[in-house]
Amino acid sequence: MGSKYTKRYTDEFKRDAIALVDSSGKTVTAVARELGISSESLRGWYRKAKAEQGEGTPGELSSAEREELKRLRRENREQQQTIEILKKATAFFVKENDR
């Protein structure tokens, strides 16, 4: 939950800020100070951009990988539900067959 006064930055601004960190050799904090933005915001954008390029920290997922993981988890949950239904149906029909 953000404040109603939270600033929104365009994707272009974020890309330019990240490029400035890469090209200037300055720290994220220094660049953020120059741009008048929160260093934590810029640091988050920078980390996300590096993860998207495959240059993030080990184990960090790109947004495409996060989406795939979410999709696979949803699929897995649906398949588990299907298996449970089939088990119950099998038990029902076995019981009916024994009569």
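Among the elements of this protein, helix H2 has the highest mean pLDDT (93) and helix H3 the lowest (88); pLDDT is the predictor's confidence in each residue, from 0 to 100. The protein averages a pLDDT of 87, and 91% of the residues score at least 70. This is a predicted model, in which local features need pLDDT of at least 70 and side-chain atom pairs count only at pLDDT 80 or more, while totals for chains, interfaces and linings use all residues. Residues are numbered from 1 along each chain as its sequence is written, and side-chain values use heavy atoms, with hydrogens and water left out.

The helices are DSSP runs (H or I, at least four residues), numbered from the N terminus. Two packed helices are described by the angle between their axes and the distance between the axes. Axes are lines fitted to C-alpha atoms, for helices over the stretch in contact, and angles run from 0 to 180 degrees between N-to-C directions.

Start with H1 (residues 11–24) and H3, whose axes are 10 Å apart at an angle of about 85 degrees. That makes H1 roughly perpendicular to H3 (65 to 115 degrees; under 35 is roughly parallel, over 145 roughly antiparallel and the rest oblique). On the H1 side, the contact (heavy atoms within 4.5 Å) includes Phe 13, Ala 17 and Val 21. On the H3 side, Leu 42, Trp 45 and Tyr 46 are among the residues involved. By class, this contact has 8 nonpolar, no polar and 3 charged residues. Here Ala, Val, Leu, Ile, Met, Phe, Trp, Tyr, Cys and Pro count as nonpolar, Asp, Glu, Lys and Arg as charged, and the others, Gly among them, as polar.

Next come H1 and H2, whose axes come within 10 Å and cross at roughly 130 degrees. H1 is therefore oblique to H2. Phe 13, Ala 17, Leu 20, Val 21 and Ser 24 of H1 meet Val 28, Val 31 and Leu 35 of H2. These residues divide into 7 nonpolar, 1 polar and no charged.

The remaining pair to visit is H2 (residues 28–35) with H3 (residues 39–52), packed at about 120 degrees with axes 8 Å apart. H2 and H3 are therefore oblique to each other. In this contact, Val 28, Thr 29, Val 31 and Ala 32 of H2 meet Ser 39, Leu 42 and Arg 43 of H3.

Finally, the aromatic rings. The whole structure holds 4 aromatic pairs, counted for rings of Phe, Tyr and Trp (its six-membered ring) with centres within 6.5 Å. In one of them, the rings of Tyr 9 and Trp 45 have centres 5.3 Å apart and planes at 70 degrees, so the pair is edge-to-face (over 60 degrees; under 30 is stacked and the rest tilted). Tyr 9 lies in the segment before H1 and Trp 45 in H3, so the pair ties together parts 36 residues apart in sequence.

Methods:
Helix = DSSP H or I, 4+ residues; strand = E, 2+ residues; numbered from the N terminus.
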